[in-house]
Amino acid sequence: MKFTTPATTNPIDQLKVVGQPVDRIDGPFKTTGTARYAYEQHETVPDAAYGYVVGATIAKGRIASIDVEAARRSPGVLAIVTYQNAGQLGKGKYNTAKLLAGPEVEHYHQAVAVVVAQTFEQARAAAPLVKVRYVEQKGEYDLERAKKSARLPKTDDKPETKHGNFAAGFAGAPVKLDATYTTPDQSHAMMEPHASVAAWNDGKLTLWTSNQMIHWGTQDMAKTLGIPVENVRLISPYIGGGFGGKLFLRAEALLAALGARAAQRPVKVNLTRAVMFNNTTHRPATIQRIRIGATREGRITAIAHESWSGDLPGGQPETAVQQTRLLYAGEHRLTRLNLAVLDLPEANAMRAPGEAPGMMALEIAIDEMAEKLKMDPVTFRIVNDTTSDPEKPGRKFSQRRFVECMRQGAERFGWNKRNAQPGQVRDGRWLVGLGVASAFRNNMVMKSAARVRLERNGSVTVETDMTDIGTGSYTIIAQTAAEMMGLPLERVAVKLGDSTFPVSAGSGGQWGGNSSTAGVYAACVKLREAIAARAGLDVATAEFVDGAVRAGGRSVPLAQVAQGGEIVGEDTMEYGDLDKKFQQSTFGAHFVEVGVDVDTCEVRVRRMLAVCAAGRILNPKSARSQVIGAMTMGVGAALMEDLVVDKRRGFFVNHDLAGYEVPVHADIPHQEVVFLDETDPVSSPMKAKGVGELGICGVGAAVANAIYNATGVRIRDYPITLDKLLSKMPLRA
Ligand code: MOS
């Protein structure tokens, strides 16, 4: 099915099942420990040996020699794979650095070997006996220093945009801001580490793995191993969080496959937490310069956003300026991405890549500008709203209810009680402040396929290689099929995460919810046609209600239609150019109240509210969970998360959850999430968009702005830790 014109009324609009806040259908399996994650396939693969990954101890250079003899003689060791015996390996389309080093080493903890043994302990004991001699080379690990050598990158998207005459517009503006902000390197730090079990059979590989994108992973595994893609099967039914860290084939998956081939038996590999931070990808640090010029009445006339980030050679920039192209009005505009070569571990996508760090900077700048103008920051944002793409006047947003999000949020949060003068509100030892930020994340649609089968008993089974990374995919897919087929939710079974199923959009870029259910919609349309035809009913007028199909006054139960054999519908939802004709984005507003300890400058978030406009909400309960999770991650970005770079040796020093802090329950107060009642007929027949990344965009700045309102201290370098505040706090008597 091709989606080329805006959706009209369709069976989803009944909202009998879709749009209901039903519990996650995978919930009971997860809470009872019966959901089998990638590393827990001992019933399916009882004879798996254990692989332990050896990471490089230099950041850049060459392997001069590897001596595996001592390790090989260690008890229980079955095989050791290094670049010297791995055979010819390719590199995946989505990988920048190779997954197995040799002879070059491209980054710290790049895998140099996998040691396979009978038990995990034996593999771990043998791993340090692998003696690797390196010839170290000088690398660049300091973004600040590499900034001057940064270049305009080659990206799929435009690295630079210019409209009007920014220099002249800015020079002529009566009120100006020119400020620079920094965001640090961040780690996905998902709960479940990267894990895979590999088994070979007749030259065919089966890989149970924790991966967001089954199709990308299958193709890249085949490409890396140099075998036909038909010989690779990926299975990934449950995933304990990904946040972009599991979008791509990673080292543990390749090393499980290589280890299993060498040991001639199945092998399981789990990256230990301490290796994950440097071995896998991370969100790169940014330096962002923002200039805003406005009239005295508060209309933005000129806006420029430039960002610098680094990556390994051949890598990509953090697209931190993309929201600035679309969020606020203004005639004279400039955005530019700059990419420096850094020899740190590979930089790549992390939840809301681009907008998440971009909004952390832009939305402090907007707060600073509002203050210069002596305007309320909510009003300043509303005044600079735009109804069409500011870079392409006339090109409309499919939906843009940004102002409504701001207004409703301000009302609900009690924004009018905020004291605009910073440092004035006390509650015992706490200085109290309120902060606001816009939320913005683009909406992307991706081709997605599914297969839907009417079983003989009248129930329906959905199969698609879509993944559920903790987001609720199982549930919204079941809701979609139930709505389309006129069945209760219990009569729908959903099977996900298997490369033998039709290729879906996968879980990424907050496109998974809308795109994968749209694929299920397309397959259900096919199935409805096949069922009506089998029942001898008019396909065009057939309705599916209460477990039966009816048309022309006749009604036939689905179980009866399927008596002659199961019926299958399979299709792909593809998209025309509606996303070019209309700008599709999601909007919101974040409100935060913080307390800052007047003596220690310890920051505590006291209240949070998000108001989101993101198309139809397919399941308000799982959508809310996505947003509160994202808000929590936003607090982490504001106050805690910081991969500390050793600038001499080129690695992330705090590579575990003791040193890399993320919020815990005690850090997070009451959170409220409001969804505007909205449908977006331009996005898909589901009329839905994404929320999983919208929820993080702007949170960090809302926290930063609240801290400023509480203390009068403006911190432009994340995370906002107490040491940065303490040195700037006014001395108290
Ligand atoms: Mo997302 S960073 O595309 O998993």
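Is R381 buried or exposed in this predicted model?

1. R381 is buried. Its relative accessible area is 0%, and buried means under 20%.

2. R381 has a charged partner. Its side chain meets that of E363 in a salt bridge, at 2.7 Å from N to O. The pair links distant parts of the chain: R381 sits in helix α10 (residues 377-383), while E363 sits in helix α9 (residues 355-372), 18 residues apart. E363 also counts as buried, at 0% relative accessibility.

3. Next, look at R283 and E318. Their side chains form a salt bridge at 3.9 Å, N to O. R283 lies in the loop between α8 (273-279) and β14 (286-294), and E318 lies in the loop between β15 (300-311) and β16 (332-341), so the pair ties together parts that are 35 residues apart in sequence. Both R283 and E318 are buried.

4. Now take a pair in strands. R606 forms a salt bridge with E593, and the closest N and O atoms are 2.8 Å apart. R606 belongs to strand β27 (residues 603-613) and E593 to strand β26 (residues 585-597), 13 residues apart.

5. How exposed is R606? R606 is partly exposed, with a relative accessible area of 27%. That value falls in this class because partly exposed lies between the buried limit of 20% and the exposed limit of 50%. E593 counts as buried, at 11% relative accessibility.

6. Some residues join in a network. Salt bridges link R451, R453, E455, E463, E566 and E570.

7. How many salt bridges are there by this rule? The count comes to 46.

Methods: Residues are numbered from 1 along each chain as its sequence is written. This is a predicted model: local features need pLDDT of at least 70, side-chain atom pairs count only at pLDDT 80 or more; totals for chains, interfaces and linings use all residues. Side-chain values use heavy atoms; hydrogens and water are left out. A salt bridge is a side-chain nitrogen of Lys or Arg within 4 Å of a carboxyl oxygen of Asp or Glu. Helices (H or I, at least four residues) and strands (E, at least two) are DSSP runs, numbered from the N terminus. Buried means under 20% relative accessible area, exposed over 50%, partly exposed in between (1.4 Å probe, protein chains only).
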